[in-house]
Amino acid sequence: MKKINMVIYHIIYITGLLILLCTSNNRYEWMQGMDSTIVQLPEDSSRNMAIGMTILTLILVVMQIVRFKFTKSHLEKGILIILTLLAIIVWAMKFS
């Protein structure tokens, strides 16, 4: 059962990280794919995407913190710290 939980945990984390990587920071970015003459994209004033991705990043970080608390292996704790920093760096590069 413990191994199944670990697999599910990693699948959830990887899926969240892929969502962060694949999501654009401007909801009008698809317009450039349709018409290459569009140079200036409309401004997305609602910032809903950035708020949603911030919440997703916080969920990923909290998942790592909870996992860190229950892990006894120093190697795994180091990996969890790296994964937490990875999620924060991806968010900072795309949405801040």
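1. Burial and surface. Of the 96 residues in the protein chain, 26% count as buried. The model discussed here is a predicted one. The chain exposes about 7100 Å², and carbon and sulfur atoms supply 72% of that area.

2. Secondary structure. The protein chain comes to four helices and zero strands. Read from the N terminus, its elements run α-α-α-α. Among contacts in the chain with a separation of 6 or more, 67% are accounted for by residues 24 or more positions apart.

3. Packing of α3 and α4. Helix α3 covers residues 48-70, and helix α4 covers residues 74-95. Their axes lie 9 Å apart, and the two helices pack at an angle of about 175°. Because an angle over 145 degrees counts as roughly antiparallel, α3 is roughly antiparallel to α4. On the α3 side, the residues that make the contact include Met49, Ala50, Met53, Thr54, Thr57, Leu60 and Val61, as well as Gln64, Arg67 and Phe68. On the α4 side, they include Glu76, Lys77, Leu80, Ile81 and Leu83, together with Thr84, Ala87, Ile88, Trp91 and Phe95.

4. The salt bridge. The count of salt bridges comes to one. The side chains of arginine 67 and glutamate 76 meet in a salt bridge, with an N to O distance of 2.4 Å. Both residues also belong to the contact between the two helices, Arg67 on α3 and Glu76 on α4. Arginine 67 has a relative accessibility of 15% and therefore counts as buried. Glutamate 76 is partly exposed, as its relative accessible area is 25%.

5. Methionine 53. This residue has its place in helix α3. Is methionine 53 buried or exposed? Its relative accessible area is 10%, so methionine 53 is buried. Leaving out residues up to four places away in sequence, methionine 53 touches Ile19, Leu20, Thr23, Trp91 and Phe95. Of these, Trp91 and Phe95 are also listed in the α4 side of the helix contact. Methionine 53 and isoleucine 19 are 34 residues apart in sequence, while their C-alpha atoms are 8.6 Å apart in space.

6. Tryptophan 91. Helix α4 holds tryptophan 91. With a relative accessible area of 23%, tryptophan 91 is partly exposed. Which residues is tryptophan 91 in contact with, leaving aside its neighbours within four places in sequence? The contacts are Ala50, Met53, Thr54, Thr57 and Ser96. Tryptophan 91 and leucine 21 are 70 residues apart along the chain, and 8.3 Å separates their C-alpha atoms.

7. The nonpolar patch. Phe68, Ile81, Leu85, Ile88, Ile89 and Met93 form a nonpolar patch on the surface. Together these residues have about 570 Å² of accessible area. Helix α4 gives the most to this patch, with five residues. Phenylalanine 68, another member of the patch, is found in helix α3. Its relative accessibility is 31%, so phenylalanine 68 counts as partly exposed. Membership in a patch requires over 30% relative accessible area.

How values were computed: Residues are numbered from 1 along each chain as its sequence is written. This is a predicted model: local features need pLDDT of at least 70, side-chain atom pairs count only at pLDDT 80 or more; totals for chains, interfaces and linings use all residues. Side-chain values use heavy atoms; hydrogens and water are left out. Patches are made of residues with over 30% relative accessible area and no salt bridge: like charges are joined within 9 Å, nonpolar side chains (Val, Leu, Ile, Met, Phe, Trp, Tyr) within 5 Å. Accessible areas come from the Shrake-Rupley method with a 1.4 Å probe; for residues, only the protein chains shown count as cover. A salt bridge is a side-chain nitrogen of Lys or Arg within 4 Å of a carboxyl oxygen of Asp or Glu. Buried means under 20% relative accessible area, exposed over 50%, partly exposed in between (1.4 Å probe, protein chains only). Contact means heavy atoms within 4.5 Å. Axes are lines fitted to C-alpha atoms, for helices over the stretch in contact, and angles run from 0 to 180 degrees between N-to-C directions. Angles under 35 degrees count as roughly parallel, over 145 as roughly antiparallel, 65 to 115 as roughly perpendicular and the rest as oblique.
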